[in-house]
Amino acid sequence: PNLRKFVTEASSGGDDSADLNDRIHFLPWEKNPFDHQRRSYSLCNAMLDSYPYNGHTTAQDALYAGVPLITRSDGDDMSSRVSTSANIVLGLEEMNAYRGIEEYETIAIRLGTDKDWFASIRTKLIETCQQKNPMHPYWDVPRYVNNFQNGLKAIWDNFLAGNEIGHVEVKEEGEQGTMEIEIVAREEKRQIAKDGREQNTTRGNEHGDEL
């Protein structure tokens with residue numbers, strides 16, 4: 001109610017306010033986060049990021065549902081550049097408005113009117129979500145956690161060594177994502193366990209035949 005009241009007051013209560021309020025939708029609670037993300041795909045074509053405090057969980061929901069995220073990238077604080085970093089890693093830097101509000105509006109208008117450009121942006125985003133072997137680094141959470149831990153260790157080691165504070169660069173070995181490595185290892189363990197059970201069953205049958 002408060003949001004609709006704000007829209008009505010901001011638009012002077014005319015016909016525009018009714019039209020704008022009709023475009024505001026409140027979703028019912030969805031317990032499964034994947035189902036929640038999936039329904040975002042059909043509800044909107046693009047997300048206009050908030051400023052100076054960017055979307056965090058909401059933005060990730062939209063991105064994982066294949067919804068492009070337009071964000072202002074002219075802020076100085078970390079909280080105002082979260083989505084900027086996300087778009088860079090996803091290869092969608094053209095969604096970042098580095099020159100402020102006017103560029104932000106320009107990107108949004110083009111995305112809403114240029115169907116071919118919109119299709120190319122959305123296809124690129126969806127491909128990152130579907131990428132496997134290796135999984136795209138943006139969506140590979142175990143890989144991120146591992147790199148983050150290595151970064152913290154490097155900072156701590158630098159402190160213990162009495163060195164000056166400086167930037168830390170985390171470099172990976174190999175191209176395969178941590179998630180894929182974990183999945184392969186898990187499948188190998190499952191197969192070994194399965195083979196062991198089959199061997200035990202065969203030996204049991206052999207002893208039964210001897211008896």
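# A conversation about strands, helices and loops

Reader: Which residue in E2 does Met47 stand opposite?

Author: Met47 stands opposite Leu69 in E2. Please keep in mind that this is a predicted model.

Reader: And what is the bridge partner of Leu48 in E2?

Author: The partner of Leu48 is Ile70. E1 and E2 pair in the parallel sense, over 2 bridges.

Reader: How many strands are in the sheet, and in what order?

Author: The sheet is open and has 3 strands in the order E1-E2-E3, with parallel pairing. E1 and E3 are the edge strands, each pairing on one side only.

Reader: Which way do the residues of E2 point, and are they buried or exposed?

Author: Leu69 and Thr71 point one way from strand E2, which covers residues 69-72. Ile70 and Arg72 point the other way, and all of these residues are buried.

Reader: Which helix lies across E2 and E3?

Author: That is H5, which runs at about 130° to E2.

Reader: Let me move to Met95. Where is it found?

Author: Met95 is in the loop between helix H5 (82-89) and strand E3 (96-97).

Reader: Is Met95 buried or exposed, and why?

Author: Met95 counts as buried because its relative accessible area is 0%, and buried means under 20%.

Reader: What does Met95 touch?

Author: Leaving aside residues up to four places away in sequence, Met95 touches Pro68, Leu69, Ile70, Thr71, Asn87, Ile107, Leu111, Trp117 and Ile121. For one of these, Ile70, the C-alpha atom is separated from that of Met95 by 4.9 Å, although the two residues are 25 apart along the chain.

Reader: Ile107 and Trp117 are on that list. Which helices are they in?

Author: Ile107 is in H6 and Trp117 is in H7. Ile107, Arg110, Leu111 and Thr113 in H6 meet Lys115, Trp117, Phe118 and Ile121 in H7. By class, this contact has 5 nonpolar, 1 polar and 2 charged residues.

Reader: At what angle do the axes of H6 and H7 cross?

Author: The axes of helix H6 (residues 101-113) and helix H7 (residues 115-130) cross at roughly 100° and come within 5 Å. An angle of 65 to 115 degrees counts as roughly perpendicular, and H6 and H7 are therefore roughly perpendicular to each other.

Reader: New topic: which peptide bonds are cis?

Author: One of them is the bond from Tyr51 to Pro52, with omega near 10°. Pro52 lies in the loop between strand E1 (47-48) and helix H4 (57-64). A cis peptide bond also joins Asn133 and Pro134, where omega is about 5°. Pro134 lies in the loop between H7 and helix H8 (141-160).

Reader: What is the phi of Asn133?

Author: Asn133 has a positive phi of about 50°, although it is not a glycine. Like Pro134, Asn133 has its place in the loop between H7 and H8.

Reader: Is Asn133 buried or exposed, and why?

Author: Asn133 counts as exposed because its relative accessibility is 63%, and exposed means over 50%.

Reader: How many residues does H8 have, and how far does it reach?

Author: H8 has 20 residues and reaches 29 Å from its first C-alpha to its last. That is close to the 28 Å expected at 1.5 Å a residue.

Reader: Which residues in H8 are buried?

Author: Pro142, Arg143, Asn147 and Gly151 are buried in H8. In an α-helix there are 3.6 residues a turn, so residues three or four places apart point the same way.

Reader: Which residues are buried in H4?

Author: In H4, the buried residues include Ala59, Asp61, Ala62 and Leu63.

Reader: What follows H4 and H8?

Author: H4 is followed by Gly66, which has a positive phi near 85°. Gly162 follows H8, and its phi is positive, near 75°.

Reader: Finally, where is Leu20, and what does it touch?

Author: Leu20 is in helix H2 (residues 15-22). Not counting residues up to four places away in sequence, Leu20 touches Val7 and Ser11. The C-alpha atoms of Leu20 and Thr8, which are 12 residues apart along the chain, are separated by 8.3 Å.

Reader: What is the relative accessible area of Leu20?

Author: The value for Leu20 is 35%, so Leu20 is partly exposed.

How values were computed
Residues are numbered from 1 along each chain as its sequence is written. This is a predicted model: local features need pLDDT of at least 70, side-chain atom pairs count only at pLDDT 80 or more; totals for chains, interfaces and linings use all residues. Side-chain values use heavy atoms; hydrogens and water are left out. Helices (H or I, at least four residues) and strands (E, at least two) are DSSP runs, numbered from the N terminus. Buried means under 20% relative accessible area, exposed over 50%, partly exposed in between (1.4 Å probe, protein chains only). Contact means heavy atoms within 4.5 Å. Axes are lines fitted to C-alpha atoms, for helices over the stretch in contact, and angles run from 0 to 180 degrees between N-to-C directions. Angles under 35 degrees count as roughly parallel, over 145 as roughly antiparallel, 65 to 115 as roughly perpendicular and the rest as oblique. Ala, Val, Leu, Ile, Met, Phe, Trp, Tyr, Cys and Pro count as nonpolar, Asp, Glu, Lys and Arg as charged, and the others, Gly among them, as polar. The expected span of a helix is 1.5 Å times one less than its number of residues. Two strands pair if DSSP finds at least two bridges between them.
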